[in-house]
Amino acid sequence: MIEWLLLCAVGFAIGVYAGAVGAGGGFLFAPILLWRYPEAPPEEITTATLAAVAAANAVAAAYAWLHRRVDRPLSGALVAAALPAALVGAAATSLMPRETFALAFGLLLIFSGAYLVRRPVAHFVEPLRSGWSRELRDRAGVGFSYRVPVWRSLVAATGAAGISTLVGLGGGLFYTPLAVRVMRLPHAVAVPTAQVLITAVATAGVALHLVAGHTGDPLNDMPPLTIGVIASVPIARKLHDRLGEGLLTRALAAGIFLVGVQTALLAFRG
C-alpha cells in the first residue's frame with residue numbers, strides 16, 4: 001500500500017512538471033521503469049510508459065478541448081500523418097537491444113535539451129507569407145491568428161511519431177518545440193495541440209504492444225502513476241498559464257538534459 005501511494009505521488013510530481021512545460025511525461029516515466037525493472041526488455045518498458053502517457057494526456061487534451069485551445073482541423077491532419085509512423089516505431093522497439101535502447105534514448109534527450117537551452121524562445125523575424133491560414137478563439141475570448149506550413153508540419157509530425165514510439169515516448173518532448181518552431185503555432189495553442197497528438201500516438205503504440213503480448217511487471221506500476229498524473233492536470237494547467245514560454249522551455253530543457261544523462265549512464269552500467 002505504501003509503495004502504491006508513493007507511486008501516486010511520483011505520478012503527481014511528474015504530471016505537474018510535464019503538464020506545465022507541455023511534455024507528455026514519457027521521458028520521466030521511462031528512466032524510472034528502467035531503474036525499477038532492470039531485467040525488463042525494452043518493449044515492456046515502452047508499453048507501460050506509453051500507457052501512462054496516453055491516459056494522462058487524454059485528460060489534459062480533453063481539458064484544453066473544452067476550453068477551445070485545440071486547433072481541431074490541424075490536429076486531425078497531424079494525427080492522420082503521425083499514426084502510421086507511430087505504429088512502425090512501436091513495432092521496431094523489440095528489435096533493439098536494451099543497452100542500445102537506453103543509450104539512444106539518453107543521447108536523444110541530451111541533444112534535445114541542449115538545443116532548447118540555447119533557444120528557449122522561438123523568435124520569428126517575419127510571419128509566413130504562405131501556408132494554411134488559421135484563426136482560433138478560446139473560451140475566454142483570447143484570439144490567435146497564424147499560418148501553418150502544411151507539408152513541413154506533416155513531415156515533422158511523422159518523424160517525431162516514429163522516433164517517439166521507438167524509444168517509448170508519447171512525443172511531447174518533440175511535439176511542443178516542433179509545434180512552435182516548425183509549425184509556427186503560438187505557444188498557448190502549441191501545447192494543447194501537441195497533447196492531442198501525444199494521446200493519439202501513445203494510444204496507437206500501446207495497442208500494438210498489447211496485441212503483440214508485450215506485457216509484464218512494469219505495467220503493474222501504471223495504475224498508481226496514472227492516477228497521480230491525472231490528479232495533477234488542474235495544477236499543471238494553472239502553472240502553464242502563469243509562466244512564459246521562455247521559462248517553460250528552460251524548465252523542459254533542464255529536465256530533458258538531466259534525465260538524458262542519467263539514462264545514458266544506465267546503458268553503460270548495464
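The following legends describe several views of one predicted model.

**Figure 1. Overview of the chain.** In this predicted model, local features require a pLDDT of at least 70 and side-chain atom pairs count only at pLDDT 80 or more, while totals for chains, interfaces and linings use all residues. Residues are numbered from 1 along each chain as its sequence is written, and side-chain values use heavy atoms, with hydrogens and water left out. The chain contains 10 helices and 2 strands; helices (H or I, at least four residues) and strands (E, at least two) are DSSP runs numbered from the N terminus. Read from the N terminus, the order of elements is α-α-α-α-α-β-β-α-α-α-α-α. Of the 270 residues in the chain, 54% are buried. Here, buried means under 20% relative accessible area, exposed means over 50%, and partly exposed lies in between (1.4 Å probe, protein chains only). The accessible surface of the chain is about 11900 Å², and carbon and sulfur atoms hold 68% of this surface; such areas come from the Shrake-Rupley method with a 1.4 Å probe, and for residues only the protein chains shown count as cover. Among contacts in the chain with a separation of 6 or more, 82% join residues 24 or more positions apart, where contact means heavy atoms within 4.5 Å.

**Figure 2. Helix α2 and its buried residues.** The buried residues of α2 are Gly-26, Phe-27, Leu-28, Phe-29, Ala-30, Pro-31, Leu-33 and Leu-34.

**Figure 3. The packing of α3 against α9.** The axes of α3 and helix α9 (residues 222-242) lie 9 Å apart at an angle of about 30°. Axes are lines fitted to C-alpha atoms, for helices over the stretch in contact, and angles run from 0 to 180 degrees between N-to-C directions. The two helices, α3 and α9, are therefore roughly parallel to each other; angles under 35 degrees count as roughly parallel, over 145 as roughly antiparallel, 65 to 115 as roughly perpendicular and the rest as oblique. Residues of α3 including Ala-48, Ala-52, Val-59 and Tyr-63 take part in the contact, as do residues of α9 including Met-222, Val-229 and Arg-237. By class, the contact of α3 with α9 has 13 nonpolar, 2 polar and 1 charged residues. Ala, Val, Leu, Ile, Met, Phe, Trp, Tyr, Cys and Pro count as nonpolar, Asp, Glu, Lys and Arg as charged, and the others, Gly among them, as polar.

**Figure 4. The contact of α3 with α8, and Val-196.** The axes of α3 and α8 cross at roughly 145° and come within 7 Å. The residues in the contact of α3 with α8 divide into 15 nonpolar, 8 polar and 1 charged. Val-196 is located in helix α8 and, at 15% relative accessibility, counts as buried. Its C-alpha atom is separated by 7.2 Å from that of Asn-57, although Val-196 and Asn-57 are 139 residues apart along the chain. Leaving aside residues up to four places away in sequence, Val-196 touches Ala-61, Trp-65, Val-70 and Ser-75.

**Figure 5. Two arginines with positive phi.** Arg-68 lies in the loop between α3 (42-66) and α4 (72-92), and Arg-184 lies in the loop between α7 (172-181) and α8 (187-211). Phi is near 60° in Arg-68, a positive value in a residue other than glycine. Phi of Arg-184 is near 65°, also positive. Arg-68 is partly exposed, with a relative accessible area of 47%, whereas Arg-184 is buried at 16% relative accessibility.
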